[in-house]
Amino acid sequence: MPLAFVPIFRHRVSSWLPLRAAASLHLLSAAAQHNPNKVSRNPKHHPHNNLLNKARRTAKHFSNLAPILTPNDKPQLSQNQALGMVSAAQANFMRVIVDSDEEERVGVELLCVVRAVLKKIKRRVMVGDKVLVGSIDWVDRRGMIENVFQRRSEILDPPVANVDHLLVLFSMEQPKVEPFSLTRFLIEAESTGIPFTLALNKIELVDQESLEAWKIRLRSWGYEPVFCSVESKYGLDALQFTLREQTSVIVGPSGVGKSSLINALRSNQRVIGVAEGDNWFDSILDRKWFEDQRVGEVSTRSGRGKHTTRNVSLLPISEGGYLADTPGFNQPSLMKVTKQSLAQHFPEIQRVLKDREPTKCSFSDCLHLGEPGCIVKGDWERYPYYFQLLDEIKIREEFQLRTLGTKREGDVRNKVGDRGVTQAEPRLEPKKHRRQSRKRLNQSILDELGELDDDDNFEDDPIIRAIRQENQ
(Lines give C-alpha, C1' and ligand atoms only; values in the text may rest on other atoms or scores of the structure.)
Protein backbone atom coordinates (compact mmCIF):
# COMPACT_ATOMS: atom_id res chain seq x y z
CA MET A 1 0.00 0.00 0.00
CA PRO A 2 1.67 3.26 -1.06
CA LEU A 3 2.24 5.76 1.71
CA ALA A 4 1.48 9.41 1.24
CA PHE A 5 4.47 11.68 1.90
CA VAL A 6 3.66 14.73 3.94
CA PRO A 7 6.51 17.23 4.50
CA ILE A 8 7.13 18.20 8.11
CA PHE A 9 7.67 21.89 7.27
CA ARG A 10 4.65 22.13 5.03
CA HIS A 11 3.21 25.15 6.76
CA ARG A 12 6.46 27.06 6.34
CA VAL A 13 6.87 26.16 2.66
CA SER A 14 3.33 27.08 1.84
CA SER A 15 3.83 30.49 3.38
CA TRP A 16 6.82 31.62 1.38
CA LEU A 17 6.38 29.78 -1.93
CA PRO A 18 3.50 31.98 -3.18
CA LEU A 19 5.39 35.10 -2.24
CA ARG A 20 8.52 33.98 -4.09
CA ALA A 21 6.50 32.91 -7.12
CA ALA A 22 4.67 36.22 -7.17
CA ALA A 23 7.96 38.08 -6.98
CA SER A 24 9.39 36.08 -9.86
CA LEU A 25 6.30 36.69 -12.00
CA HIS A 26 6.51 40.38 -11.19
CA LEU A 27 10.14 40.48 -12.34
CA LEU A 28 9.32 38.61 -15.55
CA SER A 29 6.34 40.83 -16.31
CA ALA A 30 8.40 43.95 -15.68
CA ALA A 31 11.10 42.72 -18.02
CA ALA A 32 8.51 41.82 -20.66
CA GLN A 33 6.92 45.24 -20.49
CA HIS A 34 10.34 46.85 -20.84
CA ASN A 35 11.24 44.78 -23.91
CA PRO A 36 8.64 42.15 -24.81
CA ASN A 37 10.65 40.74 -27.74
CA LYS A 38 13.71 39.85 -25.63
CA VAL A 39 12.40 37.86 -22.68
CA SER A 40 15.03 35.13 -22.55
CA ARG A 41 14.78 31.84 -20.70
CA ASN A 42 18.56 31.56 -20.43
CA PRO A 43 19.52 31.67 -16.71
CA LYS A 44 22.50 33.86 -17.51
CA HIS A 45 20.26 36.55 -18.96
CA HIS A 46 17.49 36.27 -16.41
CA PRO A 47 16.29 39.70 -15.26
CA HIS A 48 16.62 38.51 -11.65
CA ASN A 49 20.37 38.20 -12.18
CA ASN A 50 20.58 41.75 -13.49
CA LEU A 51 18.87 43.06 -10.39
CA LEU A 52 21.16 40.93 -8.24
CA ASN A 53 24.26 42.35 -9.93
CA LYS A 54 22.93 45.85 -9.42
CA ALA A 55 22.33 45.06 -5.73
CA ARG A 56 25.89 43.78 -5.41
CA ARG A 57 27.30 46.98 -6.88
CA THR A 58 25.09 49.10 -4.63
CA ALA A 59 26.08 47.18 -1.51
CA LYS A 60 29.72 47.48 -2.47
CA HIS A 61 29.43 51.24 -2.96
CA PHE A 62 27.37 51.84 0.19
CA SER A 63 29.14 49.57 2.63
CA ASN A 64 28.32 49.31 6.30
CA LEU A 65 31.58 51.12 7.12
CA ALA A 66 32.07 54.86 7.02
CA PRO A 67 32.87 55.87 3.41
CA ILE A 68 35.93 57.98 2.71
CA LEU A 69 35.01 61.65 2.38
CA THR A 70 37.10 64.04 0.31
CA PRO A 71 37.48 67.70 1.33
CA ASN A 72 35.13 68.73 -1.50
CA ASP A 73 32.32 66.33 -0.54
CA LYS A 74 29.09 67.85 0.74
CA PRO A 75 27.07 65.06 2.35
CA GLN A 76 23.36 65.42 2.88
CA LEU A 77 22.76 66.32 6.52
CA SER A 78 19.76 65.60 8.69
CA GLN A 79 18.53 67.68 11.59
CA ASN A 80 20.77 65.85 14.07
CA GLN A 81 23.89 66.01 11.89
CA ALA A 82 26.44 68.75 11.29
CA LEU A 83 29.95 69.38 10.00
CA GLY A 84 32.63 70.77 12.23
CA MET A 85 36.28 70.90 13.19
CA VAL A 86 37.90 69.11 16.12
CA SER A 87 39.35 71.80 18.37
CA ALA A 88 40.60 69.70 21.28
CA ALA A 89 41.10 66.09 22.31
CA GLN A 90 41.23 64.86 25.86
CA ALA A 91 40.92 61.23 26.96
CA ASN A 92 38.09 59.67 24.88
CA PHE A 93 36.28 62.94 24.16
CA MET A 94 36.58 65.47 21.36
CA ARG A 95 35.58 69.12 21.30
CA VAL A 96 34.01 69.97 17.93
CA ILE A 97 33.22 73.49 16.69
CA VAL A 98 30.20 73.39 14.37
CA ASP A 99 30.46 75.07 10.97
CA SER A 100 26.86 75.29 9.78
CA ASP A 101 24.84 77.29 7.28
CA GLU A 102 22.39 78.10 10.04
CA GLU A 103 23.50 81.21 11.86
CA GLU A 104 22.30 80.10 15.30
CA ARG A 105 24.45 76.95 15.14
CA VAL A 106 27.70 78.47 13.90
CA GLY A 107 30.44 78.15 16.49
CA VAL A 108 28.48 75.83 18.78
CA GLU A 109 30.76 73.58 20.85
CA LEU A 110 29.87 69.89 20.95
CA LEU A 111 31.34 67.31 23.30
CA CYS A 112 31.66 64.19 21.14
CA VAL A 113 32.78 60.60 21.28
CA VAL A 114 34.17 58.69 18.31
CA ARG A 115 32.14 56.06 16.53
CA ALA A 116 33.39 52.57 17.40
CA VAL A 117 33.77 51.45 13.79
CA LEU A 118 36.26 54.27 13.14
CA LYS A 119 38.46 52.87 15.88
CA LYS A 120 38.18 49.35 14.50
CA ILE A 121 39.29 50.32 11.01
CA LYS A 122 42.10 52.50 12.47
CA ARG A 123 40.65 55.74 11.10
CA ARG A 124 42.08 58.02 13.73
CA VAL A 125 40.43 61.31 14.66
CA MET A 126 42.92 64.11 15.31
CA VAL A 127 42.73 67.71 16.38
CA GLY A 128 42.18 69.86 13.30
CA ASP A 129 40.15 67.22 11.44
CA LYS A 130 37.01 68.15 9.57
CA VAL A 131 34.41 65.69 10.80
CA LEU A 132 30.81 64.64 10.34
CA VAL A 133 28.95 64.65 13.66
CA GLY A 134 25.72 62.73 14.13
CA SER A 135 23.25 61.86 16.88
CA ILE A 136 23.49 65.47 18.08
CA ASP A 137 21.64 66.57 21.17
CA TRP A 138 21.48 70.32 20.61
CA VAL A 139 20.21 70.93 24.16
CA ASP A 140 23.03 69.15 26.01
CA ARG A 141 25.44 69.84 23.12
CA ARG A 142 26.66 66.29 22.72
CA GLY A 143 27.20 64.13 19.66
CA MET A 144 29.11 61.32 18.02
CA ILE A 145 31.77 61.67 15.32
CA GLU A 146 30.58 59.42 12.48
CA ASN A 147 33.18 60.11 9.81
CA VAL A 148 36.38 62.00 9.08
CA PHE A 149 37.24 63.93 5.92
CA GLN A 150 40.54 63.32 4.18
CA ARG A 151 43.43 65.43 5.45
CA ARG A 152 45.61 67.67 3.38
CA SER A 153 48.46 67.29 5.87
CA GLU A 154 49.19 65.85 9.30
CA ILE A 155 51.93 65.60 11.88
CA LEU A 156 52.47 62.85 14.45
CA ASP A 157 54.40 64.71 17.17
CA PRO A 158 52.05 66.19 18.29
CA PRO A 159 49.04 64.62 16.50
CA VAL A 160 47.40 67.49 14.57
CA ALA A 161 45.72 67.38 11.14
CA ASN A 162 45.38 69.93 8.33
CA VAL A 163 48.40 71.95 9.45
CA ASP A 164 49.54 74.87 7.30
CA HIS A 165 52.57 76.07 9.26
CA LEU A 166 54.89 74.89 12.03
CA LEU A 167 56.57 77.10 14.60
CA VAL A 168 59.59 75.43 16.21
CA LEU A 169 60.05 77.31 19.47
CA PHE A 170 63.10 77.15 21.74
CA SER A 171 64.32 79.44 24.50
CA MET A 172 67.73 81.00 24.93
CA GLU A 173 67.68 80.36 28.70
CA GLN A 174 65.49 78.55 31.22
CA PRO A 175 65.79 76.03 29.68
CA LYS A 176 68.93 76.66 27.67
CA VAL A 177 68.87 75.68 24.02
CA GLU A 178 70.60 72.35 23.32
CA PRO A 179 72.00 71.92 19.78
CA PHE A 180 71.22 68.20 19.49
CA SER A 181 67.66 68.58 20.77
CA LEU A 182 67.16 71.51 18.40
CA THR A 183 68.47 69.37 15.54
CA ARG A 184 65.94 66.63 16.28
CA PHE A 185 63.06 69.11 16.20
CA LEU A 186 64.30 70.64 12.96
CA ILE A 187 64.65 67.22 11.32
CA GLU A 188 61.13 66.31 12.45
CA ALA A 189 59.80 69.58 10.99
CA GLU A 190 61.69 69.01 7.73
CA SER A 191 60.26 65.49 7.39
CA THR A 192 56.66 66.72 7.45
CA GLY A 193 57.06 68.79 4.30
CA ILE A 194 55.13 71.64 5.96
CA PRO A 195 56.61 75.17 5.95
CA PHE A 196 58.04 76.06 9.34
CA THR A 197 59.65 78.93 11.20
CA LEU A 198 62.36 78.69 13.85
CA ALA A 199 61.90 81.08 16.78
CA LEU A 200 64.03 81.61 19.90
CA ASN A 201 62.24 82.98 22.94
CA LYS A 202 63.40 84.63 26.20
CA ILE A 203 66.07 86.77 24.56
CA GLU A 204 65.88 89.17 27.51
CA LEU A 205 67.82 86.62 29.58
CA VAL A 206 71.00 86.71 27.42
CA ASP A 207 73.29 89.42 26.14
CA GLN A 208 73.61 90.70 22.60
CA GLU A 209 76.80 88.76 21.91
CA SER A 210 75.06 85.44 22.54
CA LEU A 211 72.25 86.42 20.18
CA GLU A 212 74.71 87.28 17.40
CA ALA A 213 76.63 84.05 17.96
CA TRP A 214 73.50 81.95 17.69
CA LYS A 215 72.32 83.88 14.64
CA ILE A 216 75.59 83.15 12.82
CA ARG A 217 75.51 79.53 13.99
CA LEU A 218 71.97 78.88 12.81
CA ARG A 219 72.60 80.55 9.47
CA SER A 220 75.51 78.14 8.94
CA TRP A 221 73.05 75.34 9.57
CA GLY A 222 70.79 76.77 6.86
CA TYR A 223 68.09 78.46 8.96
CA GLU A 224 67.03 82.06 9.51
CA PRO A 225 65.88 82.36 13.15
CA VAL A 226 63.34 84.79 14.58
CA PHE A 227 64.22 86.15 18.02
CA CYS A 228 61.32 87.06 20.28
CA SER A 229 60.41 87.76 23.86
CA VAL A 230 57.01 87.26 25.41
CA GLU A 231 58.09 89.32 28.41
CA SER A 232 59.05 92.43 26.43
CA LYS A 233 56.72 91.81 23.42
CA TYR A 234 59.73 91.95 21.09
CA GLY A 235 59.23 90.13 17.79
CA LEU A 236 55.57 89.26 18.39
CA ASP A 237 54.31 91.37 15.50
CA ALA A 238 56.58 89.54 13.07
CA LEU A 239 55.38 86.16 14.32
CA GLN A 240 51.76 87.24 14.23
CA PHE A 241 52.13 88.39 10.63
CA THR A 242 53.72 85.05 9.69
CA LEU A 243 51.03 82.93 11.35
CA ARG A 244 47.99 84.90 10.20
CA GLU A 245 45.04 83.14 8.49
CA GLN A 246 46.45 79.63 8.73
CA THR A 247 46.45 76.68 11.09
CA SER A 248 49.79 76.74 12.91
CA VAL A 249 51.26 74.31 15.43
CA ILE A 250 53.81 75.41 18.01
CA VAL A 251 56.23 72.61 18.92
CA GLY A 252 59.18 72.56 21.28
CA PRO A 253 60.43 71.28 24.63
CA SER A 254 58.64 71.96 27.88
CA GLY A 255 59.24 75.34 29.46
CA VAL A 256 60.22 77.31 26.37
CA GLY A 257 57.06 79.45 26.55
CA LYS A 258 54.62 77.92 24.04
CA SER A 259 51.50 78.63 26.11
CA SER A 260 52.78 82.07 27.09
CA LEU A 261 53.41 82.89 23.44
CA ILE A 262 49.91 81.78 22.47
CA ASN A 263 48.37 83.94 25.19
CA ALA A 264 50.45 86.91 24.00
CA LEU A 265 49.57 86.41 20.33
CA ARG A 266 45.87 86.05 21.06
CA SER A 267 45.82 89.19 23.18
CA ASN A 268 47.86 91.22 20.69
CA GLN A 269 45.39 93.19 18.55
CA ARG A 270 47.91 95.29 16.64
CA VAL A 271 47.44 93.59 13.30
CA ILE A 272 46.52 95.81 10.39
CA GLY A 273 43.82 94.82 7.93
CA VAL A 274 41.45 92.93 10.25
CA ALA A 275 38.20 94.66 11.08
CA GLU A 276 36.20 93.87 14.18
CA GLY A 277 33.48 91.31 13.63
CA ASP A 278 35.10 89.76 10.55
CA ASN A 279 36.08 86.61 12.41
CA TRP A 280 33.21 84.15 12.96
CA PHE A 281 35.00 82.91 16.09
CA ASP A 282 34.47 86.25 17.84
CA SER A 283 31.26 84.99 19.40
CA ILE A 284 33.06 82.26 21.36
CA LEU A 285 36.39 83.89 22.18
CA ASP A 286 35.26 84.65 25.73
CA ARG A 287 34.13 81.14 26.56
CA LYS A 288 35.89 79.02 29.15
CA TRP A 289 37.41 76.65 26.61
CA PHE A 290 39.12 79.54 24.86
CA GLU A 291 40.49 81.33 27.87
CA ASP A 292 44.20 81.87 28.41
CA GLN A 293 46.29 78.72 28.58
CA ARG A 294 47.86 77.58 31.80
CA VAL A 295 51.47 78.61 32.29
CA GLY A 296 53.96 76.83 34.56
CA GLU A 297 57.31 77.77 36.02
CA VAL A 298 60.61 76.19 35.02
CA SER A 299 61.93 73.68 37.54
CA THR A 300 64.68 75.20 39.70
CA ARG A 301 66.17 71.76 40.30
CA SER A 302 66.59 70.44 36.76
CA GLY A 303 66.38 73.69 34.81
CA ARG A 304 63.75 72.16 32.53
CA GLY A 305 60.12 72.98 32.00
CA LYS A 306 57.26 71.22 33.72
CA HIS A 307 54.49 69.52 31.76
CA THR A 308 51.77 72.11 32.26
CA THR A 309 49.95 71.53 28.94
CA ARG A 310 48.68 67.94 28.85
CA ASN A 311 46.46 67.84 25.75
CA VAL A 312 46.38 69.30 22.26
CA SER A 313 44.07 72.30 21.79
CA LEU A 314 43.34 74.33 18.67
CA LEU A 315 42.76 77.96 19.62
CA PRO A 316 41.45 80.80 17.41
CA ILE A 317 43.38 84.04 17.02
CA SER A 318 41.90 87.44 16.42
CA GLU A 319 43.28 88.03 12.92
CA GLY A 320 42.04 84.68 11.58
CA GLY A 321 43.52 81.23 11.78
CA TYR A 322 44.31 78.95 14.66
CA LEU A 323 47.19 78.13 16.96
CA ALA A 324 47.68 74.66 18.41
CA ASP A 325 48.97 74.49 21.95
CA THR A 326 50.70 71.14 22.41
CA PRO A 327 52.36 69.30 25.28
CA GLY A 328 56.12 69.72 25.42
CA PHE A 329 58.40 66.79 24.65
CA ASN A 330 62.17 66.53 24.35
CA GLN A 331 62.55 63.59 21.96
CA PRO A 332 60.63 63.68 18.65
CA SER A 333 60.09 60.18 17.31
CA LEU A 334 61.38 60.79 13.73
CA MET A 335 59.11 57.95 12.58
CA LYS A 336 58.79 59.36 9.07
CA VAL A 337 62.55 59.66 8.61
CA THR A 338 64.42 56.75 7.01
CA LYS A 339 68.15 56.20 6.68
CA GLN A 340 67.92 57.13 2.99
CA SER A 341 65.89 60.31 3.56
CA LEU A 342 67.79 61.64 6.58
CA ALA A 343 70.38 63.44 4.42
CA GLN A 344 67.57 65.28 2.62
CA HIS A 345 66.61 67.00 5.87
CA PHE A 346 70.06 68.48 6.54
CA PRO A 347 70.47 71.78 4.64
CA GLU A 348 74.26 71.48 4.94
CA ILE A 349 74.29 68.25 2.89
CA GLN A 350 71.88 69.61 0.31
CA ARG A 351 74.02 72.73 -0.05
CA VAL A 352 77.14 70.65 -0.76
CA LEU A 353 75.31 68.47 -3.28
CA LYS A 354 73.96 71.54 -5.05
CA ASP A 355 77.33 73.31 -5.16
CA ARG A 356 79.10 70.24 -6.59
CA GLU A 357 76.62 69.68 -9.44
CA PRO A 358 76.82 67.94 -11.86
CA THR A 359 79.25 65.85 -9.82
CA LYS A 360 77.47 63.30 -7.67
CA CYS A 361 78.38 60.57 -5.22
CA SER A 362 79.56 57.33 -6.79
CA PHE A 363 76.69 55.35 -5.30
CA SER A 364 73.05 56.31 -5.61
CA ASP A 365 72.30 55.01 -2.09
CA CYS A 366 75.26 56.79 -0.51
CA LEU A 367 74.71 57.60 3.16
CA HIS A 368 77.59 60.13 3.25
CA LEU A 369 79.59 58.24 5.85
CA GLY A 370 82.91 58.39 4.04
CA GLU A 371 82.09 55.86 1.31
CA PRO A 372 84.42 55.73 -1.72
CA GLY A 373 83.45 58.49 -4.13
CA CYS A 374 81.30 60.43 -1.61
CA ILE A 375 81.51 64.18 -2.15
CA VAL A 376 80.08 65.09 1.28
CA LYS A 377 82.84 65.45 3.84
CA GLY A 378 82.53 65.53 7.61
CA ASP A 379 83.85 69.07 8.08
CA TRP A 380 80.57 70.68 9.16
CA GLU A 381 79.29 71.23 12.70
CA ARG A 382 76.30 68.92 12.78
CA TYR A 383 78.01 65.93 11.18
CA PRO A 384 78.27 64.10 14.57
CA TYR A 385 74.52 64.66 15.04
CA TYR A 386 73.87 63.27 11.57
CA PHE A 387 75.96 60.21 12.34
CA GLN A 388 74.17 59.65 15.66
CA LEU A 389 70.69 60.03 14.18
CA LEU A 390 71.55 57.73 11.29
CA ASP A 391 72.72 55.04 13.70
CA GLU A 392 69.49 55.43 15.71
CA ILE A 393 67.30 55.12 12.61
CA LYS A 394 69.19 52.02 11.44
CA ILE A 395 68.55 50.28 14.76
CA ARG A 396 64.87 51.22 14.62
CA GLU A 397 64.42 49.97 11.05
CA GLU A 398 66.14 46.66 11.81
CA PHE A 399 63.94 46.18 14.86
CA GLN A 400 60.79 46.92 12.83
CA LEU A 401 61.89 44.49 10.13
CA ARG A 402 62.38 41.70 12.67
CA THR A 403 59.18 42.27 14.62
CA LEU A 404 56.71 43.54 12.01
CA GLY A 405 58.18 42.32 8.73
CA THR A 406 57.58 43.91 5.37
CA LYS A 407 53.91 43.00 4.95
CA ARG A 408 51.03 44.61 6.76
CA GLU A 409 47.42 43.66 6.39
CA GLY A 410 44.84 46.33 5.82
CA ASP A 411 42.47 47.49 8.52
CA VAL A 412 39.42 46.59 6.39
CA ARG A 413 38.60 43.25 4.80
CA ASN A 414 35.89 42.30 2.32
CA LYS A 415 33.54 39.48 3.28
CA VAL A 416 31.30 37.70 0.76
CA GLY A 417 27.85 37.31 2.21
CA ASP A 418 24.56 35.92 0.93
CA ARG A 419 24.05 35.82 -2.85
CA GLY A 420 27.67 36.83 -3.38
CA VAL A 421 27.24 40.35 -2.02
CA THR A 422 30.59 41.73 -0.84
CA GLN A 423 30.55 43.75 2.35
CA ALA A 424 33.39 45.56 4.05
CA GLU A 425 34.06 44.95 7.72
CA PRO A 426 36.87 45.92 10.09
CA ARG A 427 39.75 43.50 10.41
CA LEU A 428 40.13 42.53 14.04
CA GLU A 429 43.54 42.44 15.63
CA PRO A 430 45.02 38.99 16.27
CA LYS A 431 44.78 37.70 19.79
CA LYS A 432 47.97 38.65 21.59
CA HIS A 433 47.23 36.79 24.82
CA ARG A 434 47.95 33.35 23.37
CA ARG A 435 51.09 31.66 24.58
CA GLN A 436 53.91 31.27 22.10
CA SER A 437 54.34 27.73 20.82
CA ARG A 438 57.16 25.62 22.23
CA LYS A 439 58.70 25.04 18.82
CA ARG A 440 58.82 28.75 18.03
CA LEU A 441 60.26 29.50 21.46
CA ASN A 442 62.97 26.87 21.11
CA GLN A 443 63.82 28.08 17.62
CA SER A 444 64.25 31.63 18.90
CA ILE A 445 66.68 30.34 21.54
CA LEU A 446 68.69 28.59 18.85
CA ASP A 447 68.75 31.72 16.73
CA GLU A 448 70.10 33.75 19.62
CA LEU A 449 72.76 31.16 20.31
CA GLY A 450 73.71 31.12 16.66
CA GLU A 451 74.51 34.83 16.84
CA LEU A 452 77.20 34.21 19.47
CA ASP A 453 80.86 33.80 18.65
CA ASP A 454 81.90 30.67 16.78
CA ASP A 455 84.53 29.94 19.41
CA ASP A 456 81.86 28.92 21.90
CA ASN A 457 81.06 25.22 21.51
CA PHE A 458 77.50 24.24 22.45
CA GLU A 459 77.44 20.89 20.65
CA ASP A 460 78.12 18.96 23.88
CA ASP A 461 75.41 20.74 25.83
CA PRO A 462 72.55 18.26 26.48
CA ILE A 463 69.95 21.05 26.68
CA ILE A 464 70.89 22.33 23.23
CA ARG A 465 70.79 18.84 21.78
CA ALA A 466 67.35 18.20 23.32
CA ILE A 467 65.98 21.44 21.85
CA ARG A 468 67.28 20.61 18.37
CA GLN A 469 65.87 17.08 18.51
CA GLU A 470 62.48 18.45 19.53
CA ASN A 471 62.42 20.86 16.61
CA GLN A 472 63.30 18.19 14.06
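## Cysteines and their surroundings

Student: How far is the sulfur of Cys366 from the closest cysteine sulfur?

Tutor: A disulfide is a pair of cysteine sulfur atoms within 2.5 Å. The closest cysteine sulfur to that of Cys366 is in Cys374, too far for a bond, at 3.6 Å.

Student: At which pLDDT do side-chain atom pairs count?

Tutor: Residues are numbered from 1 along each chain as its sequence is written, and side-chain values use heavy atoms, with hydrogens and water left out. The model is predicted: totals for chains, interfaces and linings use all residues, local features need pLDDT of at least 70, and side-chain atom pairs count only at pLDDT 80 or more.

Student: How many disulfides does a search of the whole structure find?

Tutor: The search of the whole structure gives a count of 0. Cys361, for example, is in no disulfide, and its nearest cysteine sulfur, that of Cys374, is 4.0 Å away. The number of disulfides is therefore, by the cut-off of the definition, 0.

Student: Is Cys366 buried or exposed?

Tutor: Relative accessible area decides this: under 20% is buried, over 50% exposed, and in between partly exposed (1.4 Å probe, protein chains only). Cys361, at 15%, is buried. Cys366 has a relative accessible area of 11% and is buried.

Student: Which residues is His368 in contact with, leaving aside its neighbours within four places in sequence?

Tutor: His368 is placed in the loop between H8 and helix H9 (383-403), where helices (H or I, at least four residues) and strands (E, at least two) are DSSP runs numbered from the N terminus. His368 is buried, with a relative accessible area of 7%. Counting contact as heavy atoms within 4.5 Å, and leaving aside neighbours within four places in sequence, its partners are Ala343, Ile349, Leu353, Cys361, Cys374, Val376, Tyr383 and Tyr386.

Student: What is the relative accessible area of Phe363?

Tutor: Phe363 is also found in the loop between H8 and H9. Its C-alpha atom is 7.8 Å from that of Cys374, 11 residues apart along the chain. Phe363 is partly exposed, at 45%.

Student: What is the omega of the cis peptide bond from Glu357 to Pro358?

Tutor: Pro358 lies in the loop between H8 and H9. The bond from Glu357 to Pro358 is cis, with omega near 5°.

## Helix packing and cores

Student: At what angle do helix H5 and helix H8 pack?

Tutor: Axes are lines fitted to C-alpha atoms, for helices over the stretch in contact, and angles run from 0 to 180 degrees between N-to-C directions. Angles under 35 degrees count as roughly parallel, over 145 as roughly antiparallel, 65 to 115 as roughly perpendicular and the rest as oblique. H5 and H8 are therefore oblique to each other. H5 (residues 208-221) and H8 (residues 347-355) have axes 7 Å apart and pack at an angle of about 55°.

Student: Which residues of H5 and H8 make the contact?

Tutor: Buried residues of H8 pack against helix H4 (179-192), H5 and H9; these buried residues are Pro347, Glu348 and Ile349. The contact between H5 and H8 is made by Arg219, Ser220 and Trp221 of H5 and by Pro347, Glu348 and Arg351 of H8.

Student: Which residues have the most contacts inside the largest nonpolar core?

Tutor: In soluble globular proteins, nonpolar side chains tend to be buried together. A nonpolar core is a set of buried Ala, Val, Leu, Ile, Met, Phe, Trp, Tyr and Cys residues joined through side-chain atoms within 4.5 Å. The largest has 49 residues, and those with the most contacts inside it are Val125, Ile145 and Leu182.

Student: How many residues are in the second, separate core?

Tutor: Leaving aside its neighbours within four places in sequence, Leu182 is in contact with Phe170, Val177, Leu198, Trp214, Leu218 and Trp221. The second core is separate and includes Phe346, Ile349, Cys366 and Cys374; its residues number 19.

Student: How far apart in space are Ile203 and Ser229, C-alpha to C-alpha?

Tutor: Ile203 is found in the loop between strand S9 (196-201) and H5, and is buried at a relative accessible area of 12%. Ile203 and Ser229 are 26 residues apart in sequence, and their C-alpha separation is 5.8 Å.

Student: What is the phi of Lys202?

Tutor: Lys202 is found in the loop between S9 and H5, and counts as buried at 13% relative accessibility. Its phi is positive in a residue other than glycine, near 60°.
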